[in-house]
Amino acid sequence: MIHSYSNGALNDLEPGGYCDFGFPNGHAAWECSKPAATLTRVSISKLDLRSSKLDEVIRSFAKVFDGIEIDTAQLLKACRAHLELMKSGGAALCIVAKDLESNLRKAEVLFKKSPKECKTLASLLELERESDIHNGSVLRDPSAAMGLLWIRRSLAFQSHLYESLIHSDGQHPKDAACEGYNKHLFSYHGWMLRKVFPASFSAMPHRAVFLSKFGEVEIEELDNEQESKVVRKLRALIGTLEPLLGAWKDSFEKLDLEDTRRV
């Protein structure tokens, strides 16, 4: 049985104390609007990276993929940093953040046990596959492969959401979340999760709230200069994640570990 994004994980959520602002009393309905515009890439070397959660995420993910191999230690470190960023994003990201944390633990177990053998993502997946705990592409849960599979899907969803924050006249974040969910998660969810996840997106705040949270300033202090800094950093993060996620998926497909079952 697959447990990622399971009922148990959802029931374990404790919004109070985990997120920065609360859930709404009811869930609004909406339709996905126009797609996000094409982005201009930003070089990380031109960013003023300091000590914010977003800065740490950008720095960490920049060290994960060298164009050939995915460094497992750096990947897990970057995902930990991203988890902290998601927690700062509010109630709408609680479910995804909680599940990311659960899946990170699954991946970290094997890496901590055999760090040398798991130096790259490909070697980690190969080691686990050779242990015969999986049945072809039907992955055992818990396992490192299962955790990393769902982490990748979660990051793809998050990247889609971040794109909506780039342009002031772009999609509302809740519309982008709906679109990103349909593109990256819907196909792998059963009927219950298909209701729970979209319902949670009604907690998505306006663009300015996300930008102030990620910029770590009060919303009243979010001027044009602060907004521009956060937007440039999000562009850089999206540009870093795109090739990484592609290589990540390739590693799974080459080893026949791309589990497409619904949960």
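**Reading a predicted helical model**

Modeller: D256 is partly exposed, with a relative accessible area of 45%. Buried means under 20% relative accessible area, exposed over 50%, and partly exposed in between, for a 1.4 Å probe and protein chains only. This model is predicted: local features need pLDDT of at least 70 and side-chain atom pairs pLDDT 80 or more, while totals for chains, interfaces and linings use all residues. Residues are numbered from 1 along each chain as its sequence is written, and side-chain values use heavy atoms, without hydrogens and water.

Colleague: Where does D256 lie, and what is phi of this residue near?

Modeller: D256 belongs to the segment after α10. Its phi is near 55°, which is a positive value in a residue other than glycine. D132 also has a positive phi, near 65°, and is likewise not a glycine. That residue sits in the loop between α5 and α6, and D132 counts as exposed because its relative accessibility is 63%.

Colleague: How many helices and strands does the protein have?

Modeller: Helices (H or I, at least four residues) and strands (E, at least two) are DSSP runs, numbered from the N terminus. Here the protein has 10 helices and zero strands, and the order of elements from the N terminus is α-α-α-α-α-α-α-α-α-α.

Colleague: What share of the residues of the protein counts as buried?

Modeller: The protein has 263 residues, and 51% of them are buried.

Colleague: Which residues of α2 are buried, and what covers them?

Modeller: In α2, which runs over residues 53-62, the buried residues are L54, D55, V57, I58, S60 and F61. Their cover includes α3 (72-87), α6, α9 (207-215) and α10.

Colleague: Which residues is S137 in contact with, leaving aside its neighbours within four places in sequence?

Modeller: Contact means heavy atoms within 4.5 Å. Apart from those neighbours, S137 is in contact with D256, L257, E258 and D259. S137 itself is in the loop between α5 (121-130) and α6, and it is partly exposed because its relative accessible area is 26%. S137 and E253 are 116 residues apart along the chain, yet their C-alpha atoms are separated by 9.0 Å. For the protein as a whole, consider contacts between residues at least 6 apart in sequence: 75% of these join residues at least 24 apart.

Colleague: How far apart in space are V109 and S143, C-alpha to C-alpha?

Modeller: The distance between these C-alpha atoms is 8.4 Å, although V109 and S143 are 34 residues apart in sequence. V109 is part of helix α4, residues 94-113. At 58% relative accessibility, V109 counts as exposed.

Colleague: Is the peptide bond from D141 to P142 cis or trans?

Modeller: The omega angle describes this bond. From D141 to P142, omega is near 10° and the bond is cis. P142 is placed in the loop between α5 and α6, the loop in which D132 is also found.
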